[in-house]
Amino acid sequence: MKNRLEELRRQHGIRQEELADALGVSRQTIGSLENGRYNPSILLAFKLARYFHLTIEDIFLYEEEPQ
């Protein structure tokens with residue numbers, strides 16, 4: 001799953017550590033999300049959307065796998 005997290009964080013001038021503290025997760029979690037190595041829980045996805053005043057779909061780009 002692709003996401004716009006790094007782009008949004010940089011646009012708002014927020015460091016990974018600041019975002020992690022605001023959401024109650026580790027900086028490593030934010031880094032893993034940004035690098036696409038980790039898919040967030042639905043709770044974390046909602047927290048991110050609320051933090052940036054966006055919808056989950058505005059941050060996370062779901063692409064179905066070809067069958």
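This is a short tour of a predicted model, stop by stop, with something to select at each one.

Before you start, residues are numbered from 1 along each chain as its sequence is written. Because the model is predicted, local features need pLDDT of at least 70 and side-chain atom pairs count only at pLDDT 80 or more, while totals for chains, interfaces and linings use all residues; side-chain values use heavy atoms, with hydrogens and water left out.

**Stop 1: helix α3**

Select residues 27–34, which make up helix α3. Helices here are DSSP runs of H or I with at least four residues, strands are runs of E with at least two, and both are numbered from the N terminus. Of the 8 residues in α3, 6 are buried, where buried means under 20% relative accessible area, exposed means over 50%, and partly exposed lies in between (1.4 Å probe, protein chains only). Those buried residues are Thr29, Ile30, Gly31, Ser32, Leu33 and Glu34. After α3, look for glycine 36, whose phi is positive, near 75 degrees.

**Stop 2: leucine 33**

Stay in α3 and pick leucine 33. Its relative accessible area is 0%, so leucine 33 counts as buried. Now show its contacts, meaning heavy atoms within 4.5 Å. Leaving out residues up to four places away in sequence, leucine 33 touches Asn3, Leu5, Tyr38, Asn39, Pro40, Leu44 and Leu48.

**Stop 3: arginine 9 and glutamate 34**

Next, select arginine 9 in helix α1. Which residue is its salt-bridge partner? It is glutamate 34, with the closest N and O atoms 2.5 Å apart. The pair links distant parts of the chain, since arginine 9 is in α1 and glutamate 34 is in α3, 25 residues apart. Both partners are buried, with arginine 9 at 7% relative accessibility. A salt bridge here is a side-chain nitrogen of Lys or Arg within 4 Å of a carboxyl oxygen of Asp or Glu. Beyond four places in sequence, arginine 9 also touches residues including Ile14, Leu19 and Phe52.

**Stop 4: other salt bridges**

By this rule there are 5 salt bridges. Glutamate 6 is partly exposed at 29%, whereas arginine 10 is exposed at 57%. Glutamate 7 pairs with arginine 4, the closest N and O atoms being 3.2 Å apart.

**Stop 5: the aromatic pair**

How many aromatic pairs does a search of the whole structure find? It finds 1. Select tyrosine 51 and phenylalanine 52: their ring centres are 5.0 Å apart and their planes stand at 80 degrees, so the pair is edge-to-face. Rings of Phe, Tyr and Trp (its six-membered ring) pair if their centres lie within 6.5 Å; planes under 30 degrees apart are stacked, over 60 edge-to-face, and the rest tilted. Tyrosine 51 is partly exposed at 31%, but phenylalanine 52 is buried at 5%.

**Stop 6: a surface patch**

Finish with Ile42, Leu43 and Phe46, a nonpolar patch with about 330 Å² of accessible area together. Areas come from the Shrake-Rupley method with a 1.4 Å probe, and for residues only the protein chains shown count as cover. Patch residues have over 30% relative accessible area and no salt bridge; like charges are joined within 9 Å, nonpolar side chains (Val, Leu, Ile, Met, Phe, Trp, Tyr) within 5 Å. Phenylalanine 46 belongs to α4 and is partly exposed at 44%.
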